[in-house]
Amino acid sequence: MPLNYKINPAERLVHVQAEGAVRLQDILDYLDEVAAGDAMPYGKLFDTSGAQFELTDADMMVLGARVSAYAAMEPRGPVALVVNDDPHNDLARRFTNLGGAKRPARIFRDVRLARAWLAEEGARDGSS
């Protein structure tokens, strides 16, 4: 499975480890699971360092539409995207701009820094 994730209600965190070829349907399935698991308000730590994304511009449009549909499910928790190279960074930037999200989102090169930022954001909004 290209997206291995765990929804942790105690920590109010969704931790995603992406590995191998990741396609649009993998991301859509993940988003649906997060919504069905009532984890939209949780922080998301999305580590892309082991992934190769296979997304076209049309896929990004579909993803944008899905993210926009989830915008009605406010509040949505902060998203920390961990990348290890410039192509992943560019894709992460595109993702953070999808759907007019009102949630904080940042891109990191280090998982520890991403976790620390998510903890700060949780403390700021009172969710941790």
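A residue counts as buried when its relative accessible area is under 20%, as exposed when it is over 50%, and as partly exposed in between (1.4 Å probe, protein chains only). By that rule Y30 is buried, with a relative accessible area of 5%. Welcome to a predicted model, in which local features need pLDDT of at least 70, side-chain atom pairs count only at pLDDT 80 or more, and totals for chains, interfaces and linings use all residues. Residues are numbered from 1 along each chain as its sequence is written, and side-chain values use heavy atoms, with hydrogens and water left out.

**The nonpolar cores**

- A nonpolar core is a set of buried Ala, Val, Leu, Ile, Met, Phe, Trp, Tyr and Cys residues joined through side-chain atoms within 4.5 Å.
- The largest such core has 28 residues, and those with the most contacts inside it are L3, V14, Y30, L31, F46 and L63.
- At least two residues of this core come from each of β2 (13-23), α1 (24-36), β3 (43-54), α2 (57-70), β4 (79-82) and α3 (86-96); these helices (H or I, at least four residues) and strands (E, at least two) are DSSP runs, numbered from the N terminus.
- Helix α1 gives the most to this core, with seven residues.
- A second, separate core has eight residues, including L45, A80, A114 and L118.

**Where two helices meet**

- Helices α2 and α3 pack at an angle of about 40°, with their axes 10 Å apart; axes are lines fitted to C-alpha atoms, for helices over the stretch in contact, and angles run from 0 to 180 degrees between N-to-C directions.
- D57, M60, L63 and V67 of α2 make the contact with L91, R94 and F95 of α3, where contact means heavy atoms within 4.5 Å.
- Not counting residues up to four places away in sequence, L31 touches L63, R66, V67 and Y70.

**Aromatic rings**

- Rings of Phe, Tyr and Trp (its six-membered ring) pair if their centres lie within 6.5 Å; planes under 30 degrees apart count as stacked, over 60 as edge-to-face and the rest as tilted.
- The count by this rule comes to three aromatic pairs.
- One of them joins Y30 and F46 edge-to-face, at 5.6 Å centre to centre and 75° between the planes.
- This pair links distant parts of the chain, with Y30 in helix α1 and F46 in strand β3, 16 residues apart.
- Like Y30, F46 is buried, with a relative accessible area of 10%.
- The ring centres of F108 and W117 are 5.7 Å apart and their planes are at 50°, so this pair is tilted.
- Both F108 and W117 are buried.
- Ring pairs also link Y5, Y30 and F46 into a cluster.
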